[in-house]
Amino acid sequence: IIVDETESSLFQLRAGPFTSCGEWSISIVNSIKSFIRSVVVDTVKDYCDCGFLDSFIANETLLCDTQNRTQAVYRAQVFNFDSISSTQIVSWIEEWVLNETSVMYGSSLVTFDPTCPVPLNSINDNICQLPMSSSIP
């Protein structure tokens, strides 16, 4: 597999409910990031038997949705690999969010918000067209 780190696309996913972000610790943030990253990898693998790995995802950030503090907004960058463009990968993720939006997280059902646009132009874009909140690395 050849990864082209010069070609990439940004994306975001809003999901929840999680623990209210006022109570997020580093371990909770890392757990939510890991969960959403694994959902993304599984989703891409459902669309393409092409060896997609979580290492093709970089620069992950988790934001608190200030309109609903139990909602997390995951942002990341995905790279082109082999003959698969990052734009195609983001469109698969977007299609999945629009069609099949809930996944088990431990004993809780987490819903991915189909009203939040998945493609992202800049890491500094407003959250799903809402005012930007603070970033937790």
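F18, F35, W96, Y105 and F112 come together as one aromatic cluster. The model you are looking at is predicted, and a total of 10 aromatic pairs is found in the structure.

- The rings of F11 and Y74 form a tilted aromatic pair, with 6.0 Å from centre to centre and 50° between the planes.
- This pair links distant parts of the chain, since F11 belongs to strand 1 (residues 3–16) and Y74 to strand 3 (residues 72–81), 63 residues apart.
- Both partners, F11 and Y74, are buried.

**The pair F52 and F81**

- F52 and F81 also make a tilted aromatic pair, here with 5.6 Å centre to centre and 50° between the planes.
- F52 sits in the loop between helix 1 (26–47) and strand 2 (57–64), while F81 is in strand 3, so their pairing ties together parts that are 29 residues apart in sequence.

**A look at S86**

- You can find S86 in helix 2, which covers residues 86–99.
- S86 has a relative accessible area of 3%, so this residue is buried.
- Leaving aside residues up to four places away in sequence, S86 touches E7, S8, S9, V78, F79 and N80.

Definitions and conventions
Residues numbered from 1 in each chain as written. Predicted model: local features only at pLDDT ≥ 70, side-chain atom pairs only at ≥ 80, totals over all residues. Heavy atoms only, no water. Helix = DSSP H or I, 4+ residues; strand = E, 2+ residues; numbered from the N terminus. Buried < 20%, exposed > 50% of the residue type's maximum accessible area, 1.4 Å probe, protein only. Contact = heavy atoms within 4.5 Å. Phe/Tyr/Trp six-rings, centres within 6.5 Å; stacked < 30°, edge-to-face > 60°.
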